[in-house]
Amino acid sequence: MAGARAMVSSLLMLLTWGASSSFSDTCENAELIVHNAKIVTMDASDRIVEAMAVRNGRIVAMGTNKEVDACAGKETRKLELQGKTILPGLIDVHTHALEWAKGVVRDQVDATYPGVKSIAALLQEIERRAKSASPGSWIVGAGWDDAKYTDHRYVTRADLDRVSGDHPVYLIHVSGHLGVANSVALKLTGLKRDTPDPSGGVIEHDADGELTGIVKDNAMELVAQFLPADAPDLAVRAAKYVSESALSFGLTTIHDINLSPEDLRGYQQAERAGWLKVRVQMVPRVRNIADAQQLAASGLFTGFGNERLKLGAAKFFADGGMGARTIAIYPPSAAGETNNFGLLIWKPEDLQKAHGILAGAGWQLVTHAIGDRAMDEVLDSYAATVKSLKLSDPRFRIVHGGISTPAIQKRLKEQGVIVDGNPAFVYWIGSWFRKYGPERVRWCYPGKSFVANGIIAGAGSDVPVTPMTPWWGVWAAVVRRELTTGEILAPEERLSIREALTLYTRNGAYAGFEEKSKGSLEPGKFADFIVVDRDVLTVPTEELKDVQVLMTFVGGELGYRKSQ
């Protein structure tokens, strides 16, 4: 019996990879041969091989050096790697990459930790900018984080007023779910102490009823609409920066979430100009029923585009953010607060209507939900949408899935809903989890229980919330250490290295309906692969966050090479 099993196994390998005698029939005149490498295929059998051949942007053969050498022709290029490790190109299913890159291109105030560690340090930069900027011009920035700053409190308009002079100032929190404006900015926007909160938003007041300058979620638009217009070419320049950055980190596909029409145009212009080397799924934002109707009426739907740039899902927000204390939860309230159960951005009936409009028009749905109450609202809406439209493989997704209790996980599995997870959150913003009590920390951004319960989860940086590099996420998924205290959060949820890599490869491809062309290195799939500086399967765990990408190939073409 053992001999029979061995024979079947050998036959399967021959069928999958092709015997050396048949290689030349299927891969002759390969354009590129990668030779003498440790190729971690991440296929269903987790095979490791030493060579592969590429033609017309796709893998045509894999196997031993000798076998793949049969694919060579007169024009074949050979990449000799001397045992270096190759992985499939990594996939980030949740970024705000263009918005992050716009901030870099604008040269706006970068308030992120660890570059800035206190409110005093932030104010020094605001004061410096105020002295050199033209009179009355806006000072805009992003990335401040009360949880990591030594002050452990929000920045307020009173703080900003001390150093900003006649300049309106607006600084967005690292979470993206709140911002702070100074008094000059509040006056320009017309916000007053009696201005009512918009639906799905909060205008914060102090104990005396005065504005603190803090606006949360939908209230942020009350300030943002007054910001100066960007240069017409900002988005396209930002798209070029996104592409260069992504490839340097080993990302060959990203999903850019919550895009405006101007952002969509910027990516298209970058692709037309030949600047876009990374593959991008563009995910347009849906803020209300009118947005859903307009998007459906456009005649476009998920998947439209080409191999480099295409439309992904349609993006909704169900609740707010942990840093803003606006995620929608069930009792008990957020720690230290009374009756704060967060915000539901949509009325349940409106969310279901909008979901139905777009799913009926051919759109995949992806909805931000962090609190368990928000996830229940989304799952209710998804279930009703699938039933009413009789959908068979919608692959609806929940972004974040922050507080995924056992009850929530049961629903995710039963409904086949994919989670766009954020393993790097455990390290970078794990201190926020404690705002919601120890009983919730156990189920914040889980890993191993998703695997055990058969829930498919991808991985996203949510850049600029965490750095764009996926290696922090791989490391954090395996270690689950929190930044500020070094505490291991829910060690039961640690993943193995291979499981962590699966989030960024096979699962990421599946989330985007691309498992037939991406996510593993196999004949017929895109030759999207990276060469890294160490064997990620065997290095000490602590080294995972330090992995350096030496080369990134997209469609068999070198898109990035690390400088010596």
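How many disulfides does a search of the whole structure find? In this predicted model, the search turns up 1. The bond runs between Cys27 and Cys71, with the two sulfurs 1.9 Å apart. As for where the two partners sit, Cys27 belongs to helix α2 (residues 20–27), while Cys71 lies in the loop between α3 (65–69) and β6 (77–80). The pair is 44 residues apart and ties together distant parts of the chain. The handedness can be read from the geometry: the torsion about the S-S bond of Cys27 and Cys71 is about -75 degrees, so the disulfide is left-handed.

Are these cysteines buried or exposed? With buried meaning under 20% relative accessible area, Cys27 counts as buried because its relative accessibility is 0%. Cys71 also comes out at 0% and therefore counts as buried too. Another cysteine, Cys444, is likewise at 0% relative accessibility, so Cys444 is classed as buried.

Next comes the sheet that includes β6. Four strands make up an open sheet in the order β5-β4-β1-β6, and their pairing is mixed. At the edges stand β5 (58–63) and β6; each has a single partner strand, so one side of each has no neighbour in the sheet. Going from one strand to the next, the twist averages 20 degrees. The partner of β6 is β1 (residues 32–35), and the two run in the parallel sense, paired over 4 bridges. Within this part of the sheet, Val34 faces Leu79 of β6.

Then there is the matter of empty space inside the protein. Rolling a probe the size of a water molecule over the atoms shows where such space is left. Here, the count is 3 cavities of 30 Å³ or more. The largest cavity has a volume of about 90 Å³. Its lining is made up of 14 residues, and those nearest the centre are His177, Ile370, Phe425, Trp432 and Asp462.

Which residues line the second largest cavity? Among them are Pro88, Gly89 and Ile91, along with Thr252 and Thr253. The lining also includes the run Ser517, Lys518, Gly519, Ser520 and Leu521, plus Phe526 and Asp528. In the second largest cavity, the lining residues divide into 4 nonpolar, 6 polar and 2 charged.

Terms used:
Residues are numbered from 1 along each chain as its sequence is written. This is a predicted model: local features need pLDDT of at least 70, side-chain atom pairs count only at pLDDT 80 or more; totals for chains, interfaces and linings use all residues. Side-chain values use heavy atoms; hydrogens and water are left out. On a 1 Å grid over the protein atoms alone, a cavity is a set of points where a 1.4 Å probe fits but cannot get out, and a pocket is an open set with protein on both sides within 12 Å along at least five of seven lines; lining residues have an atom within 4 Å of a point. Grid points are joined across faces, edges and corners, and a volume is the space filled by probe spheres set on the points. Ala, Val, Leu, Ile, Met, Phe, Trp, Tyr, Cys and Pro count as nonpolar, Asp, Glu, Lys and Arg as charged, and the others, Gly among them, as polar. A disulfide is a pair of cysteine sulfur atoms within 2.5 Å. Buried means under 20% relative accessible area, exposed over 50%, partly exposed in between (1.4 Å probe, protein chains only). Two strands pair if DSSP finds at least two bridges between them. Axes are lines fitted to C-alpha atoms, for helices over the stretch in contact, and angles run from 0 to 180 degrees between N-to-C directions.
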